[in-house]
Amino acid sequence: MEEEFRMANLKNYYTYIVIALAFLASLPLWVGGFLRDALILFFLYLAAAEVWGFMAKHAGIVSLGQQIFMGVGGYATAVLCMYYGFPLWASVIIAGLFGAGLAGVLSFPLLRLRGVYFSIGTFLAAEIIRLFFNSWEFVGAGKGLIFKDAYAISTTLIYYPALAIGILSIFLVYFLYHSKLGFGLRSIGADEDAASGLGVNTFRCKASCFTLASLITSLVGAVNVVHHTYLNPTSAFSISWTVNFLFVAVIGGAGTIIGPFIGSTIFVALGYLLSQYLGLSLLLEGLVVLAILIAIPEGVWGVISRKLKVKLKPPF
Amino acid sequence: MDILSFVNLIFNGLLLGGLFALTAFGLSVFAGIMRVINIAHGDFAILAAYLAFSIIDFLKIDPFLSLLIVAPIMFVIGYLFQKFTINRVLPMGANQPVLVTFALSIVIQNLLLLLFTADARSLITPYLLTNIELFGLNPSPRYAAGFISALIVFAAIFIFFKKTYLGKAMRAVPFDSEAAKMIGIKSDVVYNYAAGLAMLVVAIAGVLLGITFTFYPDTGPVYVLLSFGVVVMGGLGSLKGSLVGGFIMGEALVLGGFFFGSRFQLMFCYLVILIILYIKPQGLFGGRV
């Protein structure tokens with residue numbers, strides 16, 4: 001019954017979805033280089049924030065270590081392409097899968113921990129990996145890597161993978177929310193002990209969610225390095241990645257699909273306005289997140305949809 | 001490397017452990033009473049160190065004397081921080097305080113970066129660089145200062161919790177908040193004072209860390225991770241446990257440096273914390289305040 005309802009509901013929107021996709025796909029053909037850059041950033045941050053927000057809001061998994069996957073995704077891409085001669089986009093996809101595999105492995109020590117223990121555990125793991133890369137000569141240690149193979153890639157060509165990852169993240173969040181796994185995750189988010197008591201395999205649910213989310217984040221990291229063509233441990237594994245995802249997710253409303261659209265727009269605009277002052281933009285981000293968390297925890301989209309009485313199917 | 005230098009290393013590790021215990025006390029008080037892990041803990045310590053740096057620079061006084069000004073300021077900061085941020089998000093679930101303290105950590109780091117630039121700072125004074133000899137050992141005066149301060153602070157907090165009304169109230173609220181409310185204890189007011197107390201201890205730790213190590217605006221996360229390790233080893237909210245955990249962490253740092261070199265020292269410590277978290281998520285010793 002519910003299944004039928006959902007299909008019918010989706011079919012009504014199919015035309016709109018196709019038009020929207022065609023519009024998005026045509027964008028790089030008629031917008032300028034500056035906007036194309038902004039759109040790439042928009043979709044990359046959107047994707048990472050969608051999955052981060054879903055994990056935090058619905059499954060109660062607050063990761064402060066998503067920079068692990070930004071860094072590993074980026075490094076894996078550069079290493080595969082430059083050292084082993086893989087084609088560039090194949091490297092990106094393998095890097096994504098590699099990051100997901102790493103998340104699966106890290107689940108075993110980290111997801112034994114609950115709540116804030118998990119958050120700090122991920123932060124610790126990220127710092128360990130950063131310090132390791134800092135003295136790993138194979139990947140250039142502290143000096144980092146210059147990804148020469150990506151110099152020739154135009155922003156138009158980078159736009160499509162970024163768009164694809166953005167769309168993939170939205171589908172992932174939608175289907176995660178409505179799948180059996182999603183029900184398990186939402187019950188864990190509500191009360192982990194009760195969920196476990198009712199027969200939900202909490203570890204498997206959380207590990208699957210963490211792995212899928214990290215797949216997206218690793219792909220974002222991979223495409224990001226193709227865009228930026230440079231990597232070093234300090235910036236690749238910087239906590240500011242997670243701060244940015246937190247900002248994008250929280251400002252619009254974590255756990256909703258539409259929220260990060262608002263967040264990512266504001267983030268990218270803010271990034272261009274404050275590009276001269278690196279520290280200032282992080283300071284401002286922190287202050288905004290703090291204010292939102294205290295004053296309107298449901299985010300801007302949460303407030304708008306409540307005021308306008310918009311009723312959308314969750315998790316939109 | 002002869003045996004005496006190794007004993008010397010272990011001895012200095014013990015002294016350094018005292019400093020780590022002192023650093024962790026603030027986190028432990030916070031975790032024990034408010035049931036919140038303050039992710040901005042390390043950044044508050046570094047903030048205190050920068051406050052001391054400015055005061056010393058301005059008044060040309062001894063770093064220990066600067067505590068007379070820094071500690072009250074940090075108490076007020078802690079009180080206001082609890083009142084206007086943590087108390088408001090405590091009813092919103094367990095994850096909200098994590099995000100709030102994380103955001104605050106980013107705010108403090110970037111505020112310090114803006115005010116003090118990214119240059120290395122230190123609170124070291126010449127008399128702490130002299131060589132001491134004690135039974136053939138060479139204790140570092142800076143580590144010793146941290147160790148002694150840790151013992152004094154430990155005793156002071158212990159007496160405060162056991163003997164004063166406010167201290168008893170602070171222990172009562174996490175133990176049974178309903179019963180505490182029934183006998184007229186306002187938990188949010190108690191929380192405000194507890195956060196003030198935690199920040200007062202953090203101020204002392206911050207000044208001693210500033211004396212012992214150079215610091216940057218972004219050094220905070222190192223100390224929150226190490227303090228978290230100390231607190232987890234000793235059991236959440238147990239001050240005695242934090243003291244023992246601090247000693248273990250001090251030894252882990254010096255031995256990590258001895259066996260793997262200073263490049264891998266910190267990584268080794270983090271790995272030790274992660275392994276302890278993995279084998280015993282409730283801490284090695286367990287226990288309450």
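Just after H1(B), Arg35(B) takes a positive phi of about 60 degrees. The model is predicted: local features need pLDDT of at least 70, side-chain atom pairs count only at pLDDT 80 or more, and totals for chains, interfaces and linings use all residues. Residues are numbered from 1 along each chain as its sequence is written, while chains are lettered from A and ligands numbered from 1 in the order in which they are written. Helices are DSSP runs (H or I, at least four residues) numbered from the N terminus.

**Helix H1 of chain B**

- H1(B) covers residues 3-33, and its end C-alpha atoms are 44 Å apart.
- That agrees with the 45 Å that its 31 residues should span at 1.5 Å a residue, the expected span being 1.5 Å times one less than the number of residues.
- A kink of about 30 degrees is centred on Phe25(B); the bend at a residue is the angle between axes fitted to the seven residues ending there and the seven starting there.

**H5 and H8 of chain B**

- The axes of H5(B) (residues 141-163) and H8(B) (residues 187-212) come within 9 Å and cross at roughly 170 degrees. Axes are lines fitted to C-alpha atoms, for helices over the stretch in contact, and angles run from 0 to 180 degrees between N-to-C directions.
- H5(B) is therefore roughly antiparallel to H8(B) (under 35 degrees counts as roughly parallel, over 145 as roughly antiparallel, 65 to 115 as roughly perpendicular, the rest as oblique).
- Residues in contact (C-beta atoms, placed from the backbone, within 7 Å) include Gly146(B) and Val153(B) of H5(B), and Ile204(B) and Leu208(B) of H8(B).
- This contact divides into seven nonpolar, three polar and one charged residues. Ala, Val, Leu, Ile, Met, Phe, Trp, Tyr, Cys and Pro count as nonpolar, Asp, Glu, Lys and Arg as charged, and the others, Gly among them, as polar.

**H2 of chain A and its partners**

- H2(A) (residues 33-59) and H12(A) (residues 259-273) have axes that come within 9 Å and cross at roughly 135 degrees, which makes H2(A) oblique to H12(A).
- Their crossing is right-handed; a crossing is left-handed if the near helix is turned anticlockwise from the far one by less than a right angle, and right-handed if clockwise.
- Among the residues that meet are Phe42(A) and Glu50(A) in H2(A), and Phe261(A) and Tyr272(A) in H12(A).
- By class, this contact has 11 nonpolar, six polar and one charged residues.
- H2(A) also packs with H9(A) (residues 202-228) at an angle of about 165 degrees, with the axes 10 Å apart; the two are therefore roughly antiparallel.
- H2(A) passes H9(A) in a left-handed crossing.
- Trp52(A) and Met55(A) in H2(A), and Lys206(A) and His227(A) in H9(A), are among the residues that meet.
- The H2(A) and H9(A) contact has 14 nonpolar, three polar and one charged residues.

**Contact between the chains**

- Chain A gives 34 residues to the contact and chain B gives 32.
- On the side of chain A, the elements giving two or more residues are H5(A) (115-134), H11(A) (240-252) and H13(A) (278-295).
- H5(A) supplies the largest share of that side, 13 residues.
- The side of chain A that touches chain B has 25 nonpolar, seven polar and two charged residues.

Methods: Two residues are in contact if their C-beta atoms, placed from the backbone, lie within 7 Å.
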